[in-house]
Number of protein chains: 2
Amino acid sequence: MNDTKPKKQAAIAPPPRRSRRKNGGITLRDVAALAGVAPITASRALNTPSVVSEQILQRVKKAVEQTGYVPNMLAGGLASRKSRLVAAVVPTISGNVFLEVVQSLTASLAACGYQLMLGQSGYEDSREDELLEAIIGRRPDGVILTGIMRSEQGRKRLLNSGIPVVETWDLTDHPIDMLIGFSHEQVGVEVAQYLHNRGRRRVATLSANDERAQRRMKAFSDAAIALGMALPGETAVPDWVMQAPTNVGMGRTGLRELLARHPDIDALFCSSDTVALGVLTEAQAQGIQVPERLAVVGLGDLGFARDLNPPLTTVRIDGAKIGSMAAHFIVERSQEREVRAGIVDIGFCIVERGSA
Amino acid sequence: MNDTKPKKQAAIAPPPRRSRRKNGGITLRDVAALAGVAPITASRALNTPSVVSEQILQRVKKAVEQTGYVPNMLAGGLASRKSRLVAAVVPTISGNVFLEVVQSLTASLAACGYQLMLGQSGYEDSREDELLEAIIGRRPDGVILTGIMRSEQGRKRLLNSGIPVVETWDLTDHPIDMLIGFSHEQVGVEVAQYLHNRGRRRVATLSANDERAQRRMKAFSDAAIALGMALPGETAVPDWVMQAPTNVGMGRTGLRELLARHPDIDALFCSSDTVALGVLTEAQAQGIQVPERLAVVGLGDLGFARDLNPPLTTVRIDGAKIGSMAAHFIVERSQEREVRAGIVDIGFCIVERGSA
DNA sequence: ATGAAAGCGCTAACAG
DNA sequence: CTGTTAGCGCTTTCAT
């Protein structure tokens with residue numbers, strides 16, 4: 001009852017009580033006392049109601065309402081080793097490409113009572129490492145990475161931490177834990193084939209300088225060359241590389257630059273729909289007919305893609321599915337249910353629309 | 001030294017030790033033991049290095065490296081009542097309008113060693129309340145809300161929790177704590193004036209059905225009427241309302257619908273740049289000259305706005321500033337430094353570009 | 001400058 | 001079904 005003897009310790013004999021802050025917040029103790037039960041019983045009433053008698057359940061509920069008690073999940077997490085927090089790392093959210101994943105993740109997690117911690121790593125690896133420390137320190141029940149973790153140090157840290165990890169948006173034979181992604185090389189190859197099938201013979205790329213985009217473009221270029229979509233002797237298709245994160249303006253500039261050097265190109269594979277929007281805009285401004293004179297393919301199938309004029313042909317990756325699968329995996333795992341980790345190639349599809 | 005007597009308790013006399021999980025994670029104790037100091041000293045070496053001797057500092061650092069120790073911030077937070085976590089609630093991140101704020105928030109917070117927890121409330125108030133409970137339970141050092149908290153229950157919860165709160169993106173005379181926003185009414189009025197100054201006389205609105213957008217549009221409409229930009233007897237300008245969150249396609253549809261009913265409109269105020277992009281696209285598809293025949297004004301100054309054709313005239317709100325101010329406020333507050341809370345009208349500006 | 005003790009608020013483990 | 005006890009891993013308070 002009276003466990004807060006604030007100041008003035010008695011004298012010499014009993015080890016003097018040091019009062020500690022006790023900031024007046026309502027705790028489970030208070031609720032339990034009010035309900036006339038032990039704290040653990042109140043805890044059970046809140047967390048595993050099925051294991052408590054109806055009568056006590058009601059008393060506890062009432063006490064919670066009266067006091068406005070909100071459980072301290074830091075304390076709960078410390079004791080139970082379940083933080084119900086999941087961390088996600090994306091290069092940036094401003095690019096829009098990862099938004100769908102983040103959105104779906106937040107929603108799926110919230111539905112299970114988990115919260116999302118969001119970190120932006122930028123496109124350089126340097127920030128990723130310190131971010132990782134901050135993340136692991138929070139003992140999240142899972143970590144979702146965009147891309148595969150390349151730094152050996154990062155892999156080790158993650159592995160040692162024992163936290164379930166989902167790497168996404170790429171493929172590798174040696175994921176840390178679970179992997180949900182797709183092959184960027186395959187994207188490049190299929191887009192090249194797609195354009196070839198539609199009669200394009202002079203293709204080019206407009207791409208961000210990030211590692212995954214570069215791999216797509218390399219594969220695209222190689223496939224294009226193999227398909228004969230290049231001038232004799234060329235070892236790569238014309239390209240224009242931009243600093244990530246890219247934007248619409250860069251797409252416009254890119255098209256101008258590319259056209260200045262290679263006026264004869266008839267198809268363009270862009271590293272994102274945002275860039276493609278820039279290309280479409282510039283083409284329209286210059287009176288270049290799309291797709292007649294120039295075919296344009298984007299990547300991401302962002303919200304606006306279908307509604308442009310012409311509608312944008314693009315590579316669709318099901319970000320919502322990545323998000324929900326990742327969330328599912330982590331939630332199951334953190335509840336010690338069996339989930340087979342492993343590699344999921346979620347694939348992609350080329351959405352054929354008007355621009356190509 | 002040997003404080004882990006794993007199994008086999010002696011016999012009867014001493015109260016039998018129940019071993020608890022002890023999951024093998026490296027703790028501060030381990031580091032301290034390795035460095036040959038007390039745990040608290042190791043703690044000081046990590047958190048307030050200036051207060052320990054150079055020699056011990058080195059020993060602890062070395063022990064940390066050797067063990068790969070990562071501090072458990074759940075435990076630290078519980079003990080110190082500082083979680084170094086900040087929660088942000090946005091209606092949705094897919095709309096793009098709040099991205100700049102989230103981005104800037106994440107960055108500013110990360111720079112101070114804080115992490116962001118992201119919650120999406122949707123545009124209905126219902127989810128907001130349960131989200132709030134999950135958030136408060138985590139005892140974040142601050143909460144950043146998009147919009148002002150309208151539910152009385154929510155306000156009380158937040159107030160009782162004692163957590164610093166920043167409401168954003170709107171203005172009110174009675175914020176919970178701090179407020180960084182702008183007047184949606186003023187936006188409406190100034191855009192009306194802007195269009196009036198440029199000779200537009202038959203304006204309309206294309207708007208999401210969320211509360212703030214509606215207020216902007218109402219103010220816009222009232223101001224337009226007052227300025228004589230309506231037919232005699234009209235009490236509101238033509239409008240088309242869409243379900244939030246809006247997208248480009250809705251903008252296209254909206255323009256068609258509006259034009260079908262009011263072929264004579266010469267200016268359109270859209271509730272977001274995304275919608276405006278749809279309008280521009282549809283106008284282009286229909287051969288409607290912008291701005292000659294139809295002026296278009298957006299809101300948000302999203303990344304693409306300046307790069308459209310014509311460049312989009314829009315209302316710019318400095319989301320990055322909102323984010324960094326909010327972060328600053330919360331960080332200072334959580335370090336018990338004096339920060340004057342209060343109301344900051346961050347304003348907005350109409351960015352004049354080609355579309356109006 | 002360093003340390004011992006006492007919790008932060010909660011739950012796992014073990015009784016009854 | 002309910003309670004007792006002992007921590008989770010860290011930091012505060014007080015003492016040296």
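**Figure 1. Chain A, with its twelve helices and twelve strands.** What you see here is a predicted model. With a radius of gyration of 28 Å, well over the 21 Å that the globule rule gives for 356 residues, chain A is more spread out than a compact globule. Even so, 50% of the 356 residues in chain A count as buried. Now look at contacts in chain A between residues at least 6 apart in sequence: 67% of them join residues at least 24 apart.

**Figure 2. The place where chain A touches chain B.** Here, 48 residues of chain A are in contact with 48 residues of chain B. On the chain A side, the elements that give two or more residues are helices H4 (73-80), H5 (99-111), H6 (126-137), H10 (248-261) and H11 (273-286), plus strand S2 (115-120). Which of these elements gives the most to the side of chain A that touches chain B? That would be S2(A), with six residues. Sorted by class, this side of chain A has 20 nonpolar, 21 polar and seven charged residues.

**Figure 3. Helices H1 and H3 of chain B crossing each other.** H1(B) covers residues 28-35 and H3(B) covers residues 54-67; their axes come within 8 Å and cross at roughly 125 degrees. That angle makes H1(B) oblique to H3(B), and the crossing is right-handed. To find the contact, pick out B:Asp30, B:Val31, B:Leu34 and B:Ala35 on H1(B). Their partners on H3(B) are B:Arg59, B:Val60, B:Ala63, B:Val64, B:Gln66 and B:Thr67. Between them, the residues of this contact divide into six nonpolar, two polar and two charged.

**Figure 4. H1(B) again, this time with helix H2 of chain B.** H2(B) runs over residues 39-47, and its axis comes within 8 Å of the axis of H1(B). How do the two helices sit relative to each other, roughly parallel or roughly perpendicular? The axes cross at roughly 100 degrees, so H1(B) and H2(B) are roughly perpendicular to each other. On H1(B), the contact is made by B:Leu28, B:Arg29, B:Val31, B:Ala32 and B:Ala35. H2(B) brings in B:Pro39, B:Thr41, B:Ala42 and B:Ser43. By class, that's six nonpolar, two polar and one charged. Keep an eye on B:Val31 and B:Ala35: they belong to the contact of H1(B) with H3(B) and to the contact of H1(B) with H2(B).

Definitions and conventions:
Residues numbered from 1 in each chain as written. Chains lettered and ligands numbered in written order. Predicted model: local features only at pLDDT ≥ 70, side-chain atom pairs only at ≥ 80, totals over all residues. Helix = DSSP H or I, 4+ residues; strand = E, 2+ residues; numbered from the N terminus. Rg over C-alpha atoms; globule rule 2.2 N^0.38 Å. Buried ≥ 20, exposed ≤ 12 C-beta atoms within 10 Å, placed from the backbone. Contact = placed C-beta atoms within 7 Å. Axes fitted to C-alpha atoms, helices over the stretch in contact; angles between N-to-C directions. Parallel < 35°, antiparallel > 145°, perpendicular 65-115°, else oblique. Left-handed = near helix turned anticlockwise from the far one by under 90°. Nonpolar A, V, L, I, M, F, W, Y, C, P; charged D, E, K, R; others polar.
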